[in-house]
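Here are some exercises to work through with the model open beside you. Try each task before you read its solution.

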Amino acid sequence: DNGHRTIAYLQSICRERSVTITEDIYIEGYVVANDKLNELGYAAVVDDGTAGIEIKIDSDKVENILPQSSFVRFNCSGLSIGREGARLVLGESPTAEYVVDRLREDVLYNHIAKIEYYRDIPPMLDLHVRDFDSRVVLRYVRIDDIEPVGEELGESWCDRDSSSATGYMTTIRHFVDGCDTLRVVTLGKCDYAAEMMPMGRCSLAGVLDWYDGDYALRVSNHHIFVEK
């Protein structure tokens, strides 16, 4: 199909802060992160096996539009791609300080060409922390055989914040695999912000994000596996 392009192709043409897509092309892939459990806000991450991209969406019910684990075909013509650090993002042409603007819902539906529903999909890459580089940012990954650092044992995923609406703040936790340290970022409004982290060895699956100037895993669909 002449119109199909990989997300890796979009990565390759996005050398500047923001680029408008003039070709009549589409991408296909799985929705690997969204706001179903409030792990991500105003966006859905799509991974097609070559790379990942975050689609910016001006809706607080993204799960109703691009459901977690669904397979989607998305027309890109007329939209803009940009880079936020190491992250590739897709949205409307920027009007202010942002790299791209969020897609308004009425515009968004014009770009969704196909959705197929799946109950769950496995992570596409098994990674070690030492494998992180810009090519795997926004990929759906699983990281095995890690545990929280000692000083964070017994903590919840997010720290308390009495001034926030949810009572919790977006928090970075740290896990170790024996050699390297993994940063894990969890939104303060996440459904399980108050849940205790695993006390021992575990596996985490989610989207490898770029947060506050460095790589950080964002757990997707509560994929937290405690080793017996």
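**Exercise 1. Find out whether Cys202 is buried or exposed, and which cysteines form disulfides.**

Before starting, note that this is a predicted model, where local features need pLDDT of at least 70, side-chain atom pairs count only at pLDDT 80 or more, and totals for chains, interfaces and linings use all residues. Residues are numbered from 1 along each chain as its sequence is written, and side-chain values use heavy atoms, leaving out hydrogens and water.

Step 1. Cys202 has a relative accessible area of 0%, so Cys202 is buried (under 20%; exposed is over 50%, partly exposed in between, with a 1.4 Å probe and protein chains only).

Step 2. Apply the disulfide rule, a pair of cysteine sulfur atoms within 2.5 Å: the count is zero.

Step 3. Check the distances. For Cys190, the nearest cysteine sulfur belongs to Cys158, 6.3 Å away. For Cys202, the nearest is that of Cys190, at 15 Å.

**Exercise 2. Describe the surroundings of Cys158.**

Step 1. Locate Cys158: the loop between β10 (140–148) and β11 (171–176) holds this residue. Strands here are DSSP runs (E, at least two residues; helices are H or I, at least four), numbered from the N terminus.

Step 2. Look up burial: Cys158 is buried, at 0% relative accessible area.

Step 3. List contacts (heavy atoms within 4.5 Å). Leaving aside residues up to four places away in sequence, Cys158 touches several residues, including Tyr168, Met169, Arg173 and Leu187.
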